[in-house]
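Subject: The model we talked about

Hi there,

Here is the structure I promised to pass on.

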Amino acid sequence: MSLRAETPAPPGARVHRFTRAERWVHRGTAALMGVCVVTAAFLYIPQLAVLVGRRELVVRVHQWAGVALPVPVLLGLASRAFRADLRFLNRFGPHDRVWLRAALRRDKRRSSRSAGKFNAGQKVYAAWIAGATLVMLGTGLMMWFTHVTPLMWRTSATFVHDWLALTIGVVLAGHIGMALGDPEARKGLRTGRVSGEWAQREHPLWRP
Amino acid sequence: MNPEQSEDQSGRPIGRRVFLGTLGLGALGVVAAPTLQRGMESLLGGVAGQDPTGLTGLLPNGGGFRYYSVAASVPHRTAADYRLTVDGLVDHPRSYTLAELRALPQTRLVKDVQCVTGWRVPGTPFEGVRLSRLLDAAGVRSSARAVRFTCFDGTYSESLTLDQAGRPDVLVALRMQDKDIGHDHGGPARLYVAPMYFYKSAKWLSGITVTDRVKPGYWENLGYDVDAWVGRSNGRTDEPTS
């Protein structure tokens, strides 16, 4: 709260947070991930599989959505703003260590949750989900093109794919849950702008 | 702390390490999967037996069957309207009602079920009429070489050679896990080919046609092996089931 007093933002001022490119990378990734998750549920949960059948079609949609999943990020690399975001996400400063430690202790005080453009939780999430997506893609391809890799690998790939899918489901639910709890953050990804007050409160070290 | 310093380039590249670490763990998981999978199966198999909620069944390798259907929707058949026809290269084509099938001598087999996608359900009882009995009753002609199976889902089909169809561990199953086979498991009657991957055990069986050659079934047209012996086909090395 003291931070706000130091640098008062004019009430109602909007701060630019995301360009069109950054927003579309997120939208494209979210949509493809959504298709992957929904089709996976229909392939995997017996009660849902009973509802739709058409296994071959559902598998096809799942496979192509999965292969396309990295495409929005790869296209986004053409944007300078998106590349800058990747640098922010990659680099962890001393305040990020404080943030993570506070998160582990469930310490919600503002002073221990300092953040730049992205907080440490968002940084860890971004790096993990990127790695997990590629693991899903790799194991998925091994299950798809069964004649390319030895079949022994395919069973192992299925094992990793299944368990990691479950983990991603849980983590993704957390990601969406946190977004639901923060309308201003969602507005940032929808319109590209956030309130100065929100920026100051949630990301005090961010210099837009 | 200095805000200008803490943002952007000055920090340590932890993000990249988390990213690469996740990739590495994934690769390690694939390498260690056979060991991990055995551990998980025994652990979850034990838990699933005492789990009244059935939630463990939803976990990977949690035990139990998975529902696969290739058709959009499958009509329901009951004892009243179910028919199994036996035709093709036979002297006495005919059709059976469910009651007629039940009146024939029943064989009960308890073996593992192995799916080609990896899941295995241990010690599953199947009970029904030996396929060889139905073929013998129909009088298979000397020109016959194979048997084709069709299903009332309207889409699925399967094939066996005549030798395979004559094995004592191939049934027209009416009961599974000591219950009448429900719709989701392919009831009221399904094929049960004990020694082969489970896609050979066609659900919702409605037609048995004796043919002069093997005609590949639904999944076989999509690249699966026709001779689907467990552990000796589809590039897999599972322990044989029968």
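Predicted model: local features only at pLDDT ≥ 70, side-chain atom pairs only at ≥ 80, totals over all residues.

Residues are numbered from 1 along each chain as its sequence is written, and chains are lettered from A and ligands numbered from 1 in the order in which they are written.

Chain A has eleven helices and two strands (DSSP runs, H or I of at least four residues for helices and E of at least two for strands, numbered from the N terminus). Of its 208 residues, 30% are buried (20 or more other C-beta atoms within 10 Å of the residue's own; 12 or fewer is exposed, in between is partly exposed, and C-beta atoms are placed from the backbone).

Helix 2 (residues 20–44) and helix 4 (residues 55–68) of chain A pack at an angle of about 150 degrees, and their axes are 9 Å apart (lines fitted to C-alpha atoms over the stretch in contact, with angles from 0 to 180 degrees between N-to-C directions). The two helices of chain A are therefore roughly antiparallel (over 145 degrees; under 35 is roughly parallel, 65 to 115 roughly perpendicular and the rest oblique). Residues of helix 2 that meet helix 4 include Leu32(A), Val35(A) and Cys36(A), and those on the helix 4 side include Val58(A), His62(A) and Ala65(A).

Helix 7 of chain A (residues 94–104) has His95(A), Asp96(A) and Trp99(A) buried. These buried residues fall within an arc of 100 degrees seen down the helix axis, so they line one face (the arc is that of the directions from the axis to the C-beta atoms). Exposed Arg101(A) and Leu104(A) sit on the face turned away from the buried side. After helix 7 comes Arg106(A), with a positive phi near 60 degrees.

In chain B, Arg12(B) lies in the loop between helix 1 (3–6) and helix 2 (14–49). Arg12(B) counts as partly exposed because it has 14 C-beta neighbours inside 10 Å. Neighbours within four places in sequence aside, Arg12(B) is in contact with Arg91(A) and Phe92(A) (C-beta atoms, placed from the backbone, within 7 Å).

Best wishes

How values were computed:
Contact = placed C-beta atoms within 7 Å.
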